[in-house]
Amino acid sequence: MTVVTTTTTATATTTMILPPSLGALATVFSESFVSYLNLLDRLPGGPIILRYIRSSYKNDPIRSVFELALFLFAVHYFLMSKRKENKDVLKLSKREIDGLCADWKPEPLLDPVTDEEKWQLKCVPVIHGQNGAHISVSSQHSKGTQRQVVNLASYDFLNLNESERVKEAAKDTISSTGVGACGPPNFYGTQDVHVRLEEDLANYFGGEQAIIYGQDFVTAGSVIPAFLKRGDLCVVDSGVNIAIQKALIVSRCDIEWFDHNDTEHLEQILKEIKPVLDKQKPIKRRFIVTEGLFANTGDLPKLPEIVRLKNKYKYRLFLDETLSIGSLGKSGRGVVEHFDIPRSEISITIGSLANSLASSGGFCVGVNPMVHHQRISSLAYVFSASLPPYSARAASQSLREIGEDLDKDGKSKLVSKLHDNISFVRATLAKSIPTQYLSIVSEKLSPIIHLQLNEKYRESLGFPLFYGSAEFLNTGKPSRTLNEFSHSLNWESFILQKIIDGCLSQYGILITRSHNILKHENLPLTPPHLMVMVKVGVEQEELNALSKALSAVVPEVCSRYASEASFLSSTNELINY
């Protein structure tokens, strides 16, 4: 016999035909369940439950049993989970706890510093008092003795750290609001000085709106992931700084790298991937990423050509103006002003407030929707404390000082003086530095003059063309493994440090060098550079003394290491620095 089971709902009727064996079993089960269910009439409140079942399930016993089984399983699960937690608790005696604590050896937070690396800690000078164009320093070799020196080793190109009006603005804000914002911007961390700074930045750079961040290094790491996700595309200059590299990794977007400052290679990549992108639906977000002034090399991007290509192939442009702010353009508005390109051509502009603007933190400038999106989805904005109010006030005052003293052509006198100092230093160094040992590799307009050991001299010492993994050169993809310690990089940096020490001890001029941690680098690392930070506040006589110092110290240091064998035999000098 075939049993036909009919289930009726408010909208449809479903008929299910069961085989004879299952049909008989289903009939017996249904009759038994209904008979037991009718016993609810005898219990207090039972008729209510029974009426609910009949009205909700149309006397469908299978559905009622299924729901009852789920209810019983949920009760059993929650009760048993508490019992299991209680059973898993292991009670130890005090002696056993003390023994486990004694045996526990935590993993170190940092790798141990080897004897060959200790000199890098000892070489850092200590600045006493404020940081400006002239500072009081002591070092490992001066045995704590302080000395007044010319400071060409900091990024405050306009020397606004020493501006009395900037100091007074910061002091007044501390007196009225304290030193911290005490909360994230979206809660109670936004004060009037933050709003004023965002307005000042938007007006200064010619953007619709600006947003500020409490830390400059994480600005790129928050802005890029806010707009780029897995599957989106970035075409990136292979010479970008470490902050942008890490930001791109965090975003998990697809990355295509073009050769540093090579717009022909950029166009080749854009042309090759265009047919693939045109077929993709939905359309992916596409960005070209570059810097306004490259931190690793000191050169400028070919921005007019990049803008032409991004318009031709329909990309957005992301520009990091951290080092070009206050140093490029007639009024210090960066590489965009230098090339006379409308700010509207740049979709996203980020930068630091900690260099030319004598403050701290970072910012992003762009159109209103882009900024509003960051306020609800940028991690460093939503989950980090706001910029200290006095830092915001100091940055606003710095912007006023840059823009208020203009000549008849609309040029900032402060920025013009910086440009004059840059031209003077470049000219004197080009004439005086010993070219058999050093060469200038940075752009002539860069306020950071990069000096690299001469290629032939580096070759005689056995130094490689670059440091880090060669995986990028072979595959076009960054290394996925950590770079090992490089003895060559350590030695090349040591030679540069000896030049820095000679200029400081003999001539009272402090310069610096590039400090890259090879373990953190994903792209091939260029050789380390000596770096001269040109700034306002230093007289040309003092800048002229720099060229004399380098012309005397460089041959003295480099001649001691004439071959690879000569510096390998001087390991004790490095260890006993």
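The questions and answers below concern a predicted model.

Local features need pLDDT of at least 70 and side-chain atom pairs count only at pLDDT 80 or more, while totals for chains, interfaces and linings use all residues. Residues are numbered from 1 along each chain as its sequence is written, and side-chain values use heavy atoms, leaving out hydrogens and water.

Q: In what order do the 7 strands of the open sheet stand?
A: Strands, like helices, are DSSP runs numbered from the N terminus (E, at least two residues, for strands; H or I, at least four, for helices), and two strands pair if DSSP finds at least two bridges between them. The pairing in this open sheet is mixed, and the order is S6-S12-S11-S10-S9-S7-S8.

Q: Why is one side of S6 and of S8 left without a neighbour in the sheet?
A: Strand S6 (209-213) and S8 stand at the edges, so one side of each has no neighbour in the sheet. The reason is that each has a single partner strand.

Q: Which residue of S8 stands opposite valine 235?
A: Strands S7 (residues 233-237) and S8 (residues 254-258) pair in the parallel sense over 5 bridges. Opposite valine 235 stands glutamate 256.

Q: Through which helix does the chain cross from S7 to S8?
A: This β-α-β crossover is right-handed, meaning that, with the strands pointing away from the viewer, the path from the first strand over the helix to the second runs clockwise. The helix crossed, residues 242-251, is H10.

Q: Which residue in S10 stands opposite threonine 290?
A: Strand S9 (residues 286-291) runs parallel to strand S10 (residues 316-320), and 5 bridges join them. The residue opposite threonine 290 is leucine 319.
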